[in-house]
Amino acid sequence: MEVRPLHPVFAAELIGADLTNAPDSALVDLVEQAMAQYGVLAIRGAEITDEQQKAFSRAFGPLEIPSRAKDAAPRPQGRRVITPGIFYAGNLDHNGEIIPYGDDAAKLAKGAERFHTDSSFHLMPTKWSLLHGVETPPPSAGGDTWFTDARAAYDDLPQAMKDRIEGLIGVHDFWEGRRRAGLQGEITPQEKRIIPFPEVEHPLVRSVNGSGPNGRKCLYVGGHCIGIKGWGEAEGRELVEELYAHATQEKYIYRHQWKRWDLVIWDNRCTMHAATPLLSDAYRRDMRRTTINESGPETSALEWMIRQGLIAA
Ligand code: SIN
């Protein structure tokens, strides 16, 4: 196996890994090391099933299970629900048909087009996500995923800004994040009831491996981060937007153009990512994601927040 860099500051490709069998300790160690160094790792040609994707993911931590309210009836044109444990990030509905532009499910998915870290609206931070391209559009059709390195972005901040933001707490909110990403119209009480996440707080500057020698600091400001704890709304938003604009400059971005059976792993704690729009809804894009929690049990954000008393059961 070999790890080859894909970008001057982060992101690499792992060549020669076979993901069809349960990963052995050599593969687990190699992936952990590569992720600690590069933050994003692409494995091409990973022709695996959903169950194999989950088994591979579980070697690195407990799965975050997609949140589903008890009474959330599947809508005829809602996005696919795959096997429990897989987040659906593609553009197909329950019948495997393309969801047309303009449909509510497609509009909600547009939130992923703003740079974000997965589930930062969750009380419990996530470690990595693993996205699998089961059906991918042709190269010139859009639908790439862009990644930024939030460690390099932090390193390059002027010292005065580093001092200013040290110790600040970011406020993360699912619906407000979606609104800022361009979700049009009122969020209905029904939608709020189905996805009832309250605001949660995370440090604005964090590191992946504690404050030891490997603990490079990074900006934790994805699209769900809407302000700063204890600050006024306008002031908090202004700082968050300034850091977001800094961290999403061209020089920090790796663009992944998908091929069928790519599996791309990213560290949600020190990178951000954004889906790019498909240029037409004539193309199928079937993308399946596992996400693993940094710690704790295998659970959904919803279940965990109910358990912690943040959301009523
Ligand atoms: C995601 O944001 O989790 C999915 C990104 C993509 O579909 O490219």
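**Reading the ligand site, a cavity and a ring pair**

Reply: A polar contact is a pair of N or O atoms within 3.5 Å. This is a predicted model, where local features need pLDDT of at least 70, side-chain atom pairs count only at pLDDT 80 or more, and totals for chains, interfaces and linings use all residues. Residues are numbered from 1 along each chain as its sequence is written, and side-chain values use heavy atoms, with hydrogens and water left out.

Me: How far from an oxygen atom of the ligand is a polar side-chain atom of R289? And of D118?

Reply: For R289 the distance is 3.0 Å. For D118 it is 3.5 Å. The ligand taken alone exposes 260 Å², and the protein buries 96% of that. Those areas come from the Shrake-Rupley method with a 1.4 Å probe.

Me: How many cavities of 30 Å³ or more does the structure hold?

Reply: Rolling a probe the size of a water molecule over the atoms shows where empty space is left. On a 1 Å grid over the protein atoms alone, a cavity is a set of points where a 1.4 Å probe fits but cannot get out. Here there is one of 30 Å³ or more. About 30 Å³ of space lies in the largest cavity. Its lining residues, with an atom within 4 Å of a point, include P137, G142, D144 and W258.

Me: What about aromatic pairs?

Reply: Rings of Phe, Tyr and Trp (its six-membered ring) pair if their centres lie within 6.5 Å; planes under 30 degrees apart are stacked, over 60 edge-to-face, the rest tilted. The count is nine. One of them, F60 with W128, is tilted, at 4.9 Å centre to centre and 40° between the planes. F60 lies in the loop between helix 2 (50-58) and strand 4 (63-65) and W128 in strand 6 (residues 126-135), so the pair ties together parts 68 residues apart in sequence. Helices (H or I, at least four residues) and strands (E, at least two) are DSSP runs, numbered from the N terminus.

Terms used
Polar contact = N/O pair within 3.5 Å; in protein donor to acceptor, adjacent residues only side chain to side chain. 1 Å grid on protein atoms, 1.4 Å probe; cavity = no way out; pocket = protein on both sides within 12 Å on 5 of 7 lines; lining within 4 Å. Points joined across faces, edges and corners; volume = space filled by probe spheres on them.
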